[in-house]
Every structure is written in structure tokens, then in C-alpha cells.
Amino acid sequence: MGKNHVHAIAKQPARGELKTAARAKLPSAANAHAEHPYAGLDQALRGAVARMTGGVSPFALVETWTDWALHLARAPGRQLELAEHARDNTLKLAEFAAKSLPETARKAPFSPKVYDHRFADPGWQGLPFSLWQQAFLASQDWWDHATDDMRGLRKQDSDRTRFLVRQLLDTVSPSNFPWLNPEILAETARTSGRNLTEGMVHATDDWLHTLSQAHTPPPEGYKIGKDIACTPGQVVYRNDIFELLQYTPQTSKVQAEPVLIVPAWIMKYYILDLSPHNSLINYLAGQGFTVFAISWCNPTADQRELSLEDYRKRGVMAALDAITAIVPGRKIHANGYCLGGTMLAIAAATMARDGDDRLASVTLMAAQVDFSEAGELLLFLDESQVAFLEDMMWTQGYLDRPQMARAFASIRAEDLIYTRAVQRYFLGKDDLPTDIGVWNTDTTRMPARMHSEYLRGLFLENRLSAGRFAVEGRVIALKDIAAPMFVVGTETDHIAPWKSVYKTRLFTDADLTFVLTKSGHNGGILSEPGHPNRHYRIGHRAQGALYVDPDSWFAQTEPTDGSWWPAWTEWLIANSSGKVAPPSIGTPEQGYPPLDAAPGRYIHQT
């Protein structure tokens, strides 16, 4: 490590200074305990309960059920409607059963939801399995109507009640029971029960892994740094929060303006550098760009006081400073993914406020700047739930990725939990190794303070789009961003719904291109050229143009077959100043020497 580089790290505030500065921004635990001397006891108890419930607040659940039940109790008209709906569903089932004789054509009255693959096997079309399937779907249909909006009922409680009922119904789906599932029965007969034996082995392995929380090493052919996350490059800067990776140029000439990738700290960065064929980073380098990427650390309990401001200032801004030193005199194309995009938007608005014009463009991929319509993740967030999570993080110092993963999986429990469980435990099928599967199990944590600030300041209070988000004591505004913007939403995203991502158009005035691509939060972004069955919609909003709502935009924008990546690179080239010779890897004389080969050290933290 070079002398100047050591000096650059040394210039960062000491850990004690960071903690003091961080605590000054929020009411301290000490002040709370001084006012209520036994608050620590309460907090410890709530934290222990939170760990047992996986972070789900029982108080929020009771409030949800009570709100729904009381409003239904005072609505005799809705009760009559639901009684009639139960009668109609029963008659439909009876008619279906009567017509389900051999050689009789029949149409099922109830259908699974589009993302529900539990009943895809042809065996569910025959008796008696079709009756069990239809009875379950009829119950699901009735509960969907029972949890519709009611006058006076909070929309969040209505949606949360529907979600909770769906979770309960999923536990009794006939597809979960070997003696009711035709696919399991057929496989058991075919293998003479070997599938159940192998499933028991899988269940035991998963149970032991859950208890030990041991890190699962990647399978052969998916080694990190060799098979995936293997785009050549060097670590050119490192502090306690992130490593900055600079990738080796793959062309004799490169675009003058480099690209910085800002991933979310909820995930490891190599979702954007998987196998060489579907690596966005490798694709950019191959298209003639100088590419830099942030690799966030996997924080421990000792880093519990890291704040959002730390991630902005000592993360994004430190990366921009390093790139400015390595590629002097050039503006930077900044790209933020998911929470990294939200942080990039905050950084870009702050830079605009402060007259820092180093950004050539801003790309936001599946990233939200407004959280009023943040989809089903809002089901997990209210004051009671956030306080419960804070108490859990207070006891352990961070929010662990398995705790977040359960929340994400429960949103699509039909597919992500129960279908997988049937495949592993009753059909005896092991998970096929994939690059994205390896990444998905490579879990990360989030420091307690930063996650609390994120949940409260952005999700609960929606300060960024409301003009109440302050950086260094002064409010920032997204409309101040003057750099051209490229915003990507994905059609079936349940983490950052595309209409929520689209609202970036509502809160910015810059020249903006919006792309809506097929698939979900990860699959829509990993849409490399040649990927089958992909399309995207693309539209341009000139600076100062009138607002167009998302439904109107969708109706008037025709889909284009293929990957959106070439359209983005063409846009980047159009906002660049031409090709030059590649810059050096790092710049030792400025304090940024090459330290390690990519993908660096932080990617291996468990």
C-alpha cells in the first residue's frame, strides 16, 4: 500500500469521531434512558421477541386484524355480500364436481394467480385432485373479496390483512401435502419412495444450515473471482466502507467519460458482474467504457453506527474523488442500482446544490426516489414495525440478510417458499446451481443506524421527494439535478414497482429517458443481448416537458424486442465526448495505487 494511499485513509474521521457525529443526528439511547430509566429493559425484551418472530411486530399484526374485523363488524351490507359470494363459490364448486365425470368437458371456475406455479403439473386436472385444487382456490377467492377496501379502513391494514390471510392459506394448500399432490404421488410410485428419502436429506441439511447460519461455499464451476465476478481489474481504493474496483480496458480506445457503478449495500455488487456472458460490467468494458464499481463491505456489529451520510460521503463521494484523480478533467457517468440508485440520487442532488458538476449523466436502475407507492414492502412498515426492527438491530448491531430475505420471499411465498419446498423435500430435487443462485445465497448485513435512518427518513416519512431530506444541515431537491438521466423500471418488480420508479419523472426536470423492461427486480436488469423472450419500452422526456402519467405512457409506448443494454450504451455514447486512449489503472502518485486484483477482499466477507 502506497504512502499517499495510507495518508488518504488516515484522513478519514476516527471511529470515535464518527460515532459522536452520528449520535448527534438522532436522539441518543442515553437521553431516552435518562427520561425513562427502565427503557433499556423494555428495549432488550422487545429485541429478544423480535429475534424470535424474525422481526415481525406482533403489535402491528394485532392492530391490523382488529382494524379489519371492527370495520367488517359494522358493515352488514358487506357481510351480506360476502355470504352471497360464499354461496356463489359453493355452487360453482358443486357444478364443477358434477361435471367432472369421465369424458365430460369442463372448465375450471377458479384459476391460480399468474405467479402461482403450484398447480402446473397436469395431474391436477384429474380427479380427485382437481376438486381439492378448486376448493383451495375458491377459498382464496373469497378471502380476496373479504379483504377488499372498506370505507374507513386504512388501506395499509386492508392490504396487510389480505397478505396475512394469503400467508395462512398457503400453509394449507393441497400442493403442500404428499397424499394430496398428484406430482408427489406419481414421483413416489416411480422411484419407490426414493424421492422422499432424498427430500429428508435436503430437509435435514437445510435445518442444520439454518441453525448454524454457516456460509455455504459456491459449488464447483461457480467460484467467486474465477467463474463469476471475474471481469479483470484492480482495487484502486479501500476504506472501512467500500473498495473501488477499476476494470481493465478491453478496447484500444475508450469513451472519455468513465462509468461508476453504485450497487445497493443490501446485496453484493457482483449481481452486476455474474458470468461473463451476463455481466453488465463486462459488457460495458467490452463496449469501450472505463468502468469503476463500488464493492461495499459486509458490516459487523462494530460498524453499527455507520449512517446514510457515511455511505454518501465516505462511499459515493469518495469514489467520485478517486475517479476524478485517476481520470482527471473528465465528467463521470454514474449508475445506481436499487438502494444504490436512491443513494446516487441523494448524492447527485447534493452535488447540484453545491455546484459540483462532475456528473456527465445519472442512471437509476430499479431505484426509487419516492416511497409513497413502494409496493408490498410497505406492508412490513409502520411505526410499530420499524420500532420493533430498531430494537432487534439494537441487540445485534445490524439487520441480517436472512431476516430481510424472509420478508422478500414471503411476498411471493407461493413460488419462492412452497414450490421450492415441494421440489426439495417431497420430490427430492436439489437446487440446480446457477450464478444468480450463488449470489442470492451470499448474504449481507446492514448496519443498525443506517438502516433505521433509511426506513424512517425515506420509507416512512418519504422526505426525499417531499423536499424535507437534509444533507449537511440543508435540504436538497431532486429537481436541481441537471445531468441527463436514464431511468430503468422492470415490469414485475415487487421490490421497486415500476410505477414507483417512474415517479422519478415527476420530481425531476432534467432531460430524462425512461425504460421499462420485461421481468423482475434482478431479471429485468440482467437482460443481456441474446437473452430469449425479452423486450423493453423506451421513451424520452425533454427538459421542461409536461408530465405524462405511467398508464398513458405505457399505452402509447410500443415494446421493442431484445435487450435494453444496447439502447443504454448508445445513450451513454451520445452523452460522452468521444474516444481516447485508456487511462492508467489507478494513480499511485495521487494516492490511489492498485491494491489487489478484482474482485477484491470485501466480496469474500461473510
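Modeller: At 27% relative accessibility, Lys 113 counts as partly exposed. This is a predicted model, where local features need pLDDT of at least 70 and side-chain atom pairs count only at pLDDT 80 or more, while totals for chains, interfaces and linings use all residues. Residues are numbered from 1 along each chain as its sequence is written, and side-chain values use heavy atoms, leaving out hydrogens and water.

Biologist: Which side chain does Lys 113 meet in a salt bridge?
Modeller: That's Asp 144, at 3.0 Å, N to O. A salt bridge is a side-chain nitrogen of Lys or Arg within 4 Å of a carboxyl oxygen of Asp or Glu.

Biologist: And is Asp 144 buried or partly exposed?
Modeller: Asp 144 counts as partly exposed, at 22% relative accessibility.

Biologist: What does the pair tie together?
Modeller: Asp 144 lies in helix H7 (residues 129–146) and Lys 113 in the loop between helix H6 (76–98) and H7, so the pair ties together parts 31 residues apart in sequence. Helices (H or I, at least four residues) and strands (E, at least two) are DSSP runs, numbered from the N terminus.

Biologist: How many salt bridges does the structure hold?
Modeller: It holds 35 salt bridges. One of them joins Arg 238 and Glu 243, with the closest N and O atoms 2.8 Å apart, and both residues are buried. They're also linked with Asp 596 and Arg 601 in a network of salt bridges.

Conventions
Buried means under 20% relative accessible area, exposed over 50%, partly exposed in between (1.4 Å probe, protein chains only).
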